[in-house]
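Work through the exercises below with the coordinates open. Each task is followed by a worked solution.

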Amino acid sequence: MKGSAGALASVIAAVAVGALVALAGSDGGATAAGLPVMVWCAVAAYGVNWIAYVPSMLMRTERFFDLTGTITYITVLAVALVTVARYDGRSVLLAALVSIWSIRLGTFLARRIIAAGSDSRFDSIKTDPLRLLSTWTLQGLWVLLTMAAALAAITADREAAFDWGVPVGAAIWAVGFSLEVVADRQKQEFRSDPANDGRFIRTGLWAWSRHPNYFGEILLWTGIAVISVGALGGWAHLTLVSPLFVYVLLTRISGVPLLERSGQKRWGEDPEYRRYVADTPSLFPRPPHKAPQR
């Protein structure tokens with residue numbers, strides 16, 4: 001009962017936070033059918049995930065969770081672009097960059113879970129309808145918050161002049177995206193080698209950072225915010241919290257803490273792993289002190 005109450009509370013909280021973000025991002029934004037377009041974007045973000053929740057609950061499966069995340073990003077972007085019907089350079093660029101990232105990551109994660117057969121994070125969740133609903137709702141919030149700045153810029157009621165933020169932000173996004181793609185590929189290739197079974201990766205970008213893929217993701221969302229800032233006004237500036245939200249979530253709540261605990265559990269007694277942790281930054285890359293041993 002206690003777990004169910006907590007799950008229900010998290011659903012309500014996630015919707016409330018999403019509503020506040022949508023309203024803030026609506027300042028100076030376009031409207032449709034009497035509501036801000038940002039609000040319609042929020043409805044789409046939660047709606048797609050709640051629809052997908054139904055078969056997930058009935059089948060007790062998490063197999064299409066990550067793929068639904070990609071579908072949510074594309075759907076919300078489509079709602080924003082089509083409803084506002086203003087295809088200026090900044091809006092098209094933002095939509096393209098977010099789409100490229102979401103399709104790449106979503107398909108990468110979907111292939112990984114198909115190969116693995118399941119996602120251990122869902123083992124204790126998928127049999128509990130309310131906890132599962134909470135997870136799907138939080139994915140809707142994740143989508144809305146991560147691209148809140150981009151949505152606020154796309155749904156602004158007037159086109160903003162081209163400024164320095166567009167090329168600078170695009171460059172930052174490109175660096176972050178490249179880091180995430182290369183880090184994911186390096187880890188995938190490392191794990192596919194039978195000789196590395198049961199070992200931890202410490203080569204390539206992983207010699208520079210213990211979580212280079214997360215650093216890349218934080219960086220690319222920072223680039224999206226920089227591109228967006230010139231089109232924002234008033235309360236919509238609060239949507240610039242997007243990269244900060246990604247940073248806090250990945251470094252304090254879900255990503256890094258979970259993987260660090262898992263690493264300590266598996267290799268915490270290994271002197272080489274302890275040396276790797278001591279010598280390698282958790283997030284922000286720096287050149288390794290020496291070439292890592294294999």
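Strands here are DSSP runs of E with at least two residues, helices are runs of H or I with at least four, and both are numbered from the N terminus. The model is predicted.

**Exercise 1.** Locate Ala33 and state whether Ala33 is buried or exposed.

Solution. Ala33 lies in the loop that runs between β1 (31-32) and β2 (35-36). Its phi is near 55 degrees, a positive value in a residue other than glycine. Most residues other than glycine have a negative phi. Exposed requires over 50% relative accessible area. Ala33 has 77% relative accessibility, so Ala33 counts as exposed.

**Exercise 2.** Find the loop that holds Ala85 and give the phi of Ala85.

Solution. The loop between α3 (65-84) and α4 (89-116) contains Ala85. Phi of Ala85 is near 55 degrees, again positive in a residue other than glycine.

**Exercise 3.** Describe how helix α8 packs on helix α9.

Solution. The axes of α8 (residues 212-228) and α9 (residues 242-253) come within 8 Å and cross at roughly 165 degrees. Angles over 145 degrees count as roughly antiparallel, so α8 is roughly antiparallel to α9. The crossing is right-handed. Residues making the contact include Trp221 of α8 and Pro243 and Val246 of α9. By type, the contact residues are 8 nonpolar, 2 polar and 1 charged.

**Exercise 4.** Which residues does Trp221 contact beyond four places in sequence?

Solution. These are Tyr73, Val98, Trp101, Thr146, Met147, Pro243 and Val246. Trp221 is also among the residues that touch the most other members of the largest nonpolar core, which has 57 residues. A second, separate core has 9 residues, including Trp206 and Trp267.

Methods. Residues numbered from 1 in each chain as written. Predicted model: local features only at pLDDT ≥ 70, side-chain atom pairs only at ≥ 80, totals over all residues. Heavy atoms only, no water. Axes fitted to C-alpha atoms, helices over the stretch in contact; angles between N-to-C directions. Parallel < 35°, antiparallel > 145°, perpendicular 65-115°, else oblique. Left-handed = near helix turned anticlockwise from the far one by under 90°. Contact = heavy atoms within 4.5 Å. Nonpolar A, V, L, I, M, F, W, Y, C, P; charged D, E, K, R; others polar. Core = buried A, V, L, I, M, F, W, Y, C linked by side-chain atoms within 4.5 Å. Buried < 20%, exposed > 50% of the residue type's maximum accessible area, 1.4 Å probe, protein only.
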